[in-house]
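Please examine the chain shown below together with its sequence.

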Amino acid sequence: TRLGGVAVGPMMPSTAAMRRACHAPRRVVPCLLLLVCVASALGLGFATENVRSSERDTPNDPPSKFGKDESSPGKHRGPSTGLTDDSPLATHKLKPPESLCAKAEEGHRRATSFGNELLKRGELLKAEACFLSALRHKHDFPMALYGLGEVHVGNELYGLAIEAYTLATQTWPQYVDAFVGLGDVLVLLQKNKKAEEAYKSAVGVGKTDALAWEALGRFYLSHQVKQFKQARVTYQRALLAVSSGDVSPGLLLGLAESARGAEQFEECVLKADKASSLAPNFARAKFVAGTCRVSAGDVVGAVPNFEYAVSVEPEQVEHHVQLAKALVTLGKRDVAEKVLTDGIKTFADSGNEIAKAELEKVMEEVVKKTQKEL
């Protein structure tokens, strides 16, 4: 395979593979030291700079400012600019003091790694302090910029998140996760054209990266886009581009959902069943298979799919709703009412009032239908 135009031998893992190994959720700051070492071997500029500048990565680093933006006002910043003193990321009113980061004086890699740990624990203020500390040591460190993007998404400060992800892609143009993060924020802001460009950029630099393809495919499947034909083409291309793509549960599910959107329900069932067989705890695949079975007229076959989805991911309200509706269709209203009652209790216990209210509404409809027939 190739990464950024550099050949990668069969014994060397790709950055995408390492990112999957280092990440628990879909997008978390990468496992830094391993990535830096391999990127250095591949000849990526930022990693080489990190190794050469190791003398700055010590507890005795002298105080310094962020980089200066030498570009004229209104001009696009160069790819090596990184974080500057006048950036909104460095000047916004809620910016925490770097003293909140216990690793602030231990260099950019350690500060970023610790920020990643804090981010996963939900300690966003301290995480931001660590990423800012890292950027004080090395103002164009892409993983720290990406971390700031994650922090600001968590705080719903989407303008700052866009700034952070954009800088991350400028400092490392092959940074797939940063392009995906940027696209995700733009979707939230309903800037669909720019989001599509970001996802396409992710695919462009990560042609064999399943994350990039899935992000683009999900974009076309989203409720606000609904380009099912384009989604199908995207996932089909992904199967060919990604290593072992034909046995990737995520890509197969994308094809299933594309087929569902195009009302090709038999194909949807086939792909969703295959995806769930490859990943036994893949509740979403079971759920999609169930919805397509209902649409194809096989409500009996859909019930086990919905039951499984509820058992694995009870926090998804749509799983309870579709199971109850399928049971009502089969005349099993008592069982449907129990499903809804259990679901209402689950969401009441978790404090999810919106989901609880949705199930209560479905319960009311079931009860009214039962009384009407009596």
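In which loop is Q190 found? Q190 is found in the loop between α9 and α10 (192–205); helices here are DSSP runs of H or I with at least four residues, strands are runs of E with at least two, and both are numbered from the N terminus. The model is predicted, so that local features need pLDDT of at least 70 and side-chain atom pairs count only at pLDDT 80 or more, while totals for chains, interfaces and linings use all residues. Residues are numbered from 1 along each chain as its sequence is written, and side-chain values use heavy atoms, with hydrogens and water left out.

Q190 has a positive phi, near 60°, and is a residue other than glycine. Most residues other than glycine have a negative phi. Q190 counts as exposed, at 63% relative accessibility; exposed means over 50% relative accessible area, buried under 20%, and partly exposed in between, with a 1.4 Å probe and protein chains only. V225 lies 35 residues from Q190 in sequence, and the two C-alpha atoms are 9.9 Å apart in space. The loop that holds V225 is the one between α11 (210–221) and α12 (228–241). V225 is buried, with a relative accessible area of 17%. Leaving aside neighbours within four places in sequence, V225 is in contact with N192, F219 and Y220, where contact means heavy atoms within 4.5 Å.

E156 lies in the loop between α7 and α8 and is exposed, with a relative accessible area of 57%.

The axes of α7 (residues 142–154) and α8 (residues 158–171) come within 8 Å and cross at roughly 160°; axes are lines fitted to C-alpha atoms, for helices over the stretch in contact, and angles run from 0 to 180 degrees between N-to-C directions. The two helices α7 and α8 are therefore roughly antiparallel, a description that applies to angles over 145 degrees. On the α7 side the contact involves residues including L145, Y146, L148 and V153, and on the α8 side residues including L160, A164, Y165 and L167.

Helix α8 has 14 residues and reaches 20 Å from its first C-alpha to its last, close to the 20 Å expected at 1.5 Å a residue; the expected span is 1.5 Å times one less than the number of residues. Eleven of the 14 residues of α8 are buried, which leaves the helix mostly covered. Among the buried residues of α8 are I162, E163, T169 and Q170, and what covers the buried residues includes α4 (88–91), α7 and α9 (176–188).

Helix α5 (residues 108–120) has 13 residues and reaches 18 Å, close to the 18 Å expected. Its buried residues include H108, R109, F114 and L118. After α5 comes G122, whose phi is positive, near 85°.

For the chain as a whole, the secondary structure comes to 19 helices and two strands. Buried residues make up 48% of the 374 residues. The mean pLDDT of the chain is 83, and 78% of its residues reach 70 or more; pLDDT is the predictor's confidence in each residue, from 0 to 100. Over residues 1–64 the pLDDT is below 50, and this stretch has 110 contacts in the model beyond near neighbours in sequence.

Note on methods. Angles under 35 degrees count as roughly parallel, over 145 as roughly antiparallel, 65 to 115 as roughly perpendicular and the rest as oblique.
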